[in-house]
Amino acid sequence: MQLSILSTSDIHGHIRADDFRRPLLNDSLGLSRAATVIADYQQQAKLAGDISLTIENGDFIQGSPLANYIEKVATDQTGIYQELADALSYDVRILGNHEFNFGRAYIEKVFAQTPNLLNANILDETTQQPFVGQPYKIFERQGVKIGVIGLTTQYIPHWEQPAHIQGLTFADPVMVAQKCIAEIRSQVDVLILAYHGGFAEDLQTGKPLERITSENQGYQLLQLAGVDALVTGHQHREIAEVVHGVPTTQPGYRGDHIGLMTIALDEKKHCTAATAELLATGDEPERGDIVAMIDPLQEKVNQWLDTPVGQVGDNMQVTNHFEARSHNHPFIELVNRVQMSATHTTIANTALFNDEVRGLGNAVTQRDIMTNYIFPNTLVVEKLTGQDIKDALEVNARYFQLSADGDLMINPLFTNPKVQHYNYDVWSGIDYTFDIHQPMGQRVVKVEKDGQPLEMTATYEVAMNNYRAGGAGNFPMFSPDKVVREVQRETPDLIAEYIMDHPEIHIAQPTNLTVIF
């Protein structure tokens, strides 16, 4: 007999095969395509007399204009998430970190009717019990008992607004998993960990691939005795490996892959062999019932997205992302000006989040804003010393390195194992120069404010998004104790308002960033 474990992760509100951009479009994704692959495989397993278990591994309700529309406008439509999950016959659902972007109350509302939500390590600080869901669940299929423990990265407090996670404790998933394994291992034939987190180490060697924090503890979970399979997510990587006999998968992003692990069971229901692979969904048809379920809402979202906002000139399209990050760009400058205007500051930083960001044409719609600034970030002002700013710029300067031929290139640490363009910021309100010939930590050779060198002991108010303000991305000089005020409005809304309030916007190519190489 064979047990198949199917998983999606990081759907991020992409239900149809549509990333909402126009005229560009990526349609090789979506829950509707993933649903086709899952249904086909479930049917194959049934015909073969095998068992299948299907897991939705978190970051399901945030990350697309549709998800934002449900949270902001169609607030009575949150039940669609459970309807979709039921249509896909998910046996298990897990909380992702982005579920918290809309706050604890929203999670409790959306998952109120989700009996298969597993959450072992995010606890109510008063009761020390899961604030939603249950720690684990045991299934019995054809006489085989299968235990699943649900876990989420404990690193959420480093990113999330305090108000969104008030009253919650984020326990170490490795320690919690050990406790749960001890409780249920003797009751099950197969034990699966479903973890919304990833890997900071090479799976075969254990060698660190990134700065080791408690964000991605998948490698440590793989080492726990009694684990037969591990589902991961969060990093949007495509992983399918068997490590010391234990299969693990991470199925990409927005439903572009399905994770598939198979475990062979002998007559005594012992695991005798395992495989891991990814099933691409991009060439599969969308499942008709999923399309029919979401289309009425999707049509309203598209009408909302096509609402005109204003005009910004003809130079805000981003055609070369590397050039934009190494020289600044009018679109980046626009976002920083919005942040400075909303917070009454004269210094700001922001990232060009990913290479799907294409900037703005002259005529801007709500769609353009929502597909360029994809996170519901709010704004924070921190009082920083000149030294703090210089130290933050040194972190940014690590984004670059020189090739063997002396050309400027991206430091592979920002592209492997996970693409992290969002952890490189471009600043406005200061003039600064990186010399990439210098060692890391000594690359900032000029920082000026209003034509004068930045004073290292003086303090300056700096606007940034709430994600960065917590120090995320290896910025320890940013911290909650330096916050002087906040703007509790989502940045995409502020961008739209700024454009409407400034009908004659023209932002020339910025010249405040110089990179010497």
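View 1. S2 and strand S3 (residues 92-94) pair in the parallel sense over 2 bridges. Two strands count as paired if DSSP finds at least two bridges between them. Helices (H or I, at least four residues) and strands (E, at least two) are DSSP runs, numbered from the N terminus. Ile55 stands opposite Val92 in S3. The model is predicted: local features need pLDDT of at least 70, side-chain atom pairs count only at pLDDT 80 or more, and totals for chains, interfaces and linings use all residues. Residues are numbered from 1 along each chain as its sequence is written, and side-chain values use heavy atoms, with hydrogens and water left out.

S2 also pairs with strand S1 (residues 2-8), in the parallel sense over 6 bridges. Here Ile5 stands opposite Leu53, and Ser4 stands opposite Ser52.

**View 2. Burial of S2.** Of the 6 residues of strand S2 (residues 51-56), 6 are buried, so the strand is largely enclosed by the rest of the structure. Buried means under 20% relative accessible area, exposed over 50%, and partly exposed in between (1.4 Å probe, protein chains only). In a regular strand, side chains alternate between the two faces of the sheet. Both faces of S2 are covered. Ile51, Leu53 and Ile55 are buried on one side, and Ser52, Thr54 and Glu56 on the other.

View 3. An open sheet of 6 strands runs in the order S4-S3-S2-S1-S13-S14, with mixed pairing. Strand S4 (117-118) and strand S14 (271-280) stand at the edges with a single partner strand each, so one side of each has no neighbour in the sheet. Helix H1 lies across S1, S2, strand S13 (257-265) and S14, and runs at about 170° to S1. Axes are lines fitted to C-alpha atoms, for helices over the stretch in contact; angles run from 0 to 180 degrees between N-to-C directions.

S1 and S2 pair in the parallel sense. From S1 the chain passes through H1 (residues 31-47) to S2, in a right-handed β-α-β crossover. Right-handed means that, with the strands pointing away from the viewer, the path from the first strand over the helix to the second runs clockwise.

**View 4. Packing of H3 on H7.** The axes of helix H3 (residues 80-87) and helix H7 (residues 288-305) come within 10 Å and cross at roughly 170°. H3 is therefore roughly antiparallel to H7. Angles under 35 degrees count as roughly parallel, over 145 as roughly antiparallel, 65 to 115 as roughly perpendicular and the rest as oblique. H3 contributes Ile80, Glu83, Leu84 and Ala87 to the contact; H7 contributes Asp289, Ile290, Met293, Ile294 and Leu297. Contact means heavy atoms within 4.5 Å. By class, there are 7 nonpolar, no polar and 2 charged residues. Ala, Val, Leu, Ile, Met, Phe, Trp, Tyr, Cys and Pro count as nonpolar, Asp, Glu, Lys and Arg as charged, and the others, Gly among them, as polar.

**View 5. Packing of H9 on H13.** Helix H9 (residues 330-343) and helix H13 (residues 491-501) have axes that come within 10 Å and cross at roughly 90°. H9 is therefore roughly perpendicular to H13. Leu334, Val335, Arg337, Val338, Ser341 and Ala342 of H9 meet Leu494, Ile495, Tyr498 and Ile499 of H13.

**View 6. The S6-S7 hairpin.** Strand S6 (residues 136-141) and strand S7 (residues 144-152) pair in the antiparallel sense over 6 bridges. Phe139 has Ile146 in S7 as its bridge partner. The hairpin has 2 residues between the strands, and Gln142 takes a positive phi near 50°.
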